[in-house]
Amino acid sequence: MLNFNPTKAQMDLQKKARRFAIDHVLPEAWHYDIKDETPVHILKEAFTQGLSHSDIPKTYGGKGFGIIEGCVISEEISAACPGIATSIFDNSLGMEPLILSSNEGLKKKYLTRFTKDFKLISFATSEPTLGSDVSAIRCMAKPDGSDYILNGTKYWVTNGGIADYYSIFATIDPEKKHDGICAFFIDRKWKGVRVGRHIPKMGQRCSNTVGVHFDNVRVPKEFVLAPPGEGFLLAMKTFNRTRPVIGAFAIGAARSAFEYAMDYAKKRQAFGQKIGSNQAIQFKLADMYQKIETSRLLVLKAAWESDKGMDPTLTASISKFYATEACIEVVDQALQILGGYGYTKMFPVEKLYRDVRLLRIYEGTSEIQRMVVAGYIMGGYKPVMPSLEDIPVHHAESFCEGPSARRKKVKIWRCRICGHVHYENSPPEECPYCFFPGKAFKQVGVDMKKESS
């Protein structure tokens, strides 16, 4: 049986995250957006309140929250500021390769520490010359005994300028593509690690983004998250678990934009009445609400599959690209409803508009998600209905009329080109519709045909 009821614990968590978003995030979001700076004290408060680092397994002293809980928290915080939500969630993204790895010693050493101490962990696959093509990594990890020497640059590293640790993906040989990729857990304090300047961005300005350079950084063997050949799979497993949360960012931002537009429509007067009285505005709001509700169902389905240990690859991609694209449409319509006021920095929709545009890009662009879904459609999807050429279509005149009708058994032939059905023991020499020869016909069954008198 399907059950759409959240548990009491999940409802309490939602209330807590919502209160945190309104009390701590919302009042400071615009100030730090203008400063183009991450409010680290808010990230620390999220940790103190148990809204960050909360997905560390109970085995290591954590709360053991699943992806559903991560989506609940992220939606509420993103409703106040998608950029701050990104920086809070990035700890989960940065820790996920460590949690998923088989390096038990490293997990015990660091995950137990992260439950007690406020530390920031970043995730890095992208580089200056590559984005979605993870197999094209150029950051080199040269084996040196049982250690590795790391050289290269990672780019678009969220929280990279304020992080304490990094989950880094590199390769032993770019020519090996997927088979050469490995992963490491890196301490920022190690010799040779350099952090670039904060990258100025259109939106998500409350979230720190930098490049991180590695100059002959020695990585001891105990800090290997995945050996060569296993790094790509670890990255994909990480994305499968975190992509639904990006969808949750989109839901939170879209929900706020919808609420702001609804509030404005109920109060704004034009042509002698509130604009919300116009069906055109009501239909916009209805479409916006429909997209938000649909997005949430898709996101929670993907999160549920992940928490149940199922393969969420397909649903994670669907939920991520549907929710993020729907969000942009919702925010765009909200700005349209607010008109000129929506375009100003005195109203919140302008900031949301800038913030949410990134959601279609990071953790796999919408185009990458479509490739994942298309790959499944063309290769893995199992149709329920028979092939077009096997559909047993029967024409009305082929059926016998009356109990006394004389009948004979005949074969049914279907033209594989145009679909014409022929009733005789052999196919026609030529299709009377598309003129293809008889070899284009395929037998699809046997019928009883009325004999002529």
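Hi everyone, let's start with the charges: R18, E75, E76, R255, E259, E293 and R296 are linked in a network of salt bridges. By salt bridge I mean a side-chain nitrogen of Lys or Arg within 4 Å of a carboxyl oxygen of Asp or Glu.

Before going on, a word on the source: this is a predicted model, where local features need pLDDT of at least 70 and side-chain atom pairs count only at pLDDT 80 or more, while totals for chains, interfaces and linings use all residues. Residues are numbered from 1 along each chain as its sequence is written, and side-chain values use heavy atoms, with hydrogens and water left out.

E76 and R18 meet through their side chains in a salt bridge, at 2.8 Å from N to O. That pair ties together distant parts of the chain, with E76 in helix α3 (residues 67-80) and R18 in helix α1, 58 residues apart. Helices here are DSSP runs of H or I, at least four residues, numbered from the N terminus.

Is E76 buried or exposed? E76 is buried, with a relative accessible area of 2%, and R18 counts as partly exposed at 35%. The cut-offs: buried is under 20% relative accessible area, exposed is over 50%, and partly exposed lies in between, using a 1.4 Å probe and protein chains only.

E293 is partly exposed, at 32%.

How many salt bridges does a search of the whole structure find? The count is 26. One of them joins K345 to E350, with closest N and O atoms 3.0 Å apart. K345 counts as exposed at 57% relative accessibility, whereas E350 counts as buried at 11%.

Y376, I377, M378 and Y381 form a nonpolar patch on the surface, with about 480 Å² of accessible area together. Such patches take residues with over 30% relative accessible area and no salt bridge, joining nonpolar side chains (Val, Leu, Ile, Met, Phe, Trp, Tyr) within 5 Å and like charges within 9 Å. The areas come from the Shrake-Rupley method with a 1.4 Å probe, and for residues only the protein chains shown count as cover. M378 belongs to helix α10 (residues 366-379) and is exposed, at 74%.

Last stop, K35: this residue is in helix α1 (residues 8-35) and is partly exposed, at 42%. Thanks, everyone!

Definitions and conventions: Helix = DSSP H or I, 4+ residues; strand = E, 2+ residues; numbered from the N terminus.
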